[in-house]
Amino acid sequence: MASRKKQQQKNARKNRRRQNKAEQVGEDEVQIDQDDVEVSNETAQQHQNNSSEDAATESNSDQEEKSDQEAEDLSDKQDSDKEDDVAFIAANDLRKGGYVLMNNSFPCKVVEMKKAKTGKHGGCKIRVIGLDVLTTKKHEHIFNSKDQLSVPSIRKIKYEVAGLEDNTVQLNEIGSTNKKTLRILPETNEVHAELVSKFRNRQKLVVTVVNTMNHDNVIEVRAL
């Protein structure tokens, strides 16, 4: 009887060990499955992040290309506008009071000319002094009479002064609904000072703005 009882206890211990082992195996399998799920989720998240980064990189690249293209188009337009703003004349046909582009940069009104003697090949040197139409700064250059010179287009427009702040003036074109905000060039201090003085005295002002080579500046101030 005692022997049977010992055998039963032994069998019970074996069964508990098998059960514990089975439970442990089950827990390990569950843990493995959970690890696989976590790895799968991490992989999916990584793919998603990579896709987002690729999309962002592509978007930035497209934006940079668009900005570069816009800058190039603007540069082409400005070059085209400058070409449309210029005519050409032979230096020998230039006259005092006319306009010429001096030193390839400055639109000037010719105030003095002096021609040297004609050479044996029919050409001569021409000394030209001009005043920059935007700043009134004096420029001097010597041309050959056979040179082709650039003649800038000069436009003068009258505006009423609507406001003034530092060196920036707000303008309304006379006889038009056009408005303009213009920064007065620092080279024209006298015009700026006159404008400020008369504006502070609450005078109604009309200014003349010269436009050439894609630039504008106030060249004259008049009180009404």
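Which residues form a positive surface patch? Select Lys109, Lys156, Lys158 and Arg222, which form it. This is a predicted model, where local features need pLDDT of at least 70, side-chain atom pairs count only at pLDDT 80 or more, and totals for chains, interfaces and linings use all residues. Residues are numbered from 1 along each chain as its sequence is written, and side-chain values use heavy atoms, with hydrogens and water left out.

**Stop 1: the positive patch**

Keep the four residues selected. Patch members have over 30% relative accessible area and no salt bridge, and like charges are joined within 9 Å. Lys and Arg count as positive, Asp and Glu as negative; His and the chain ends are not counted. The place of a charge is NZ of Lys, CZ of Arg, CG of Asp or CD of Glu. Accessible areas come from the Shrake-Rupley method with a 1.4 Å probe.

Now pick Lys158. Lys158 sits in strand S7, residues 155-165. Strands are DSSP runs (E, at least two residues), numbered from the N terminus. Lys158 is partly exposed, at 40% relative accessible area. Buried means under 20%, exposed over 50%, and partly exposed in between.

**Stop 2**

Next, salt bridges: a side-chain nitrogen of Lys or Arg within 4 Å of a carboxyl oxygen of Asp or Glu. The whole structure has 4 of them.

Select Arg127 with Glu112. They form a salt bridge, with the closest N and O atoms 3.6 Å apart. Arg127 is in strand S4 (residues 125-132) and Glu112 in strand S3 (residues 106-115), so look for distant parts of the chain, 15 residues apart. Arg127 is partly exposed at 29%. Glu112 is partly exposed too, at 39%.

Glu140 is partly exposed, at 43%. Show the three together: Glu112, Arg127 and Glu140 are linked in a network of salt bridges.

**Stop 3: Lys180 and Asp216**

Move to Lys180 and Asp216. Their side chains meet in a salt bridge, 3.6 Å from N to O. The pair links strand S9 (residues 179-183) and strand S11 (residues 215-223), 36 residues apart. Lys180 is partly exposed at 24%, whereas Asp216 is buried at 18%.

**Stop 4: the cysteines**

Finish with Cys108 and Cys124. Cys108 is buried, at 0% relative accessible area. Cys124 is buried as well, at 9%. How many disulfides does the structure hold? It holds 0, counting pairs of cysteine sulfur atoms within 2.5 Å.

Terms used:
Buried means under 20% relative accessible area, exposed over 50%, partly exposed in between (1.4 Å probe, protein chains only). Patches are made of residues with over 30% relative accessible area and no salt bridge: like charges are joined within 9 Å, nonpolar side chains (Val, Leu, Ile, Met, Phe, Trp, Tyr) within 5 Å. Helices (H or I, at least four residues) and strands (E, at least two) are DSSP runs, numbered from the N terminus.
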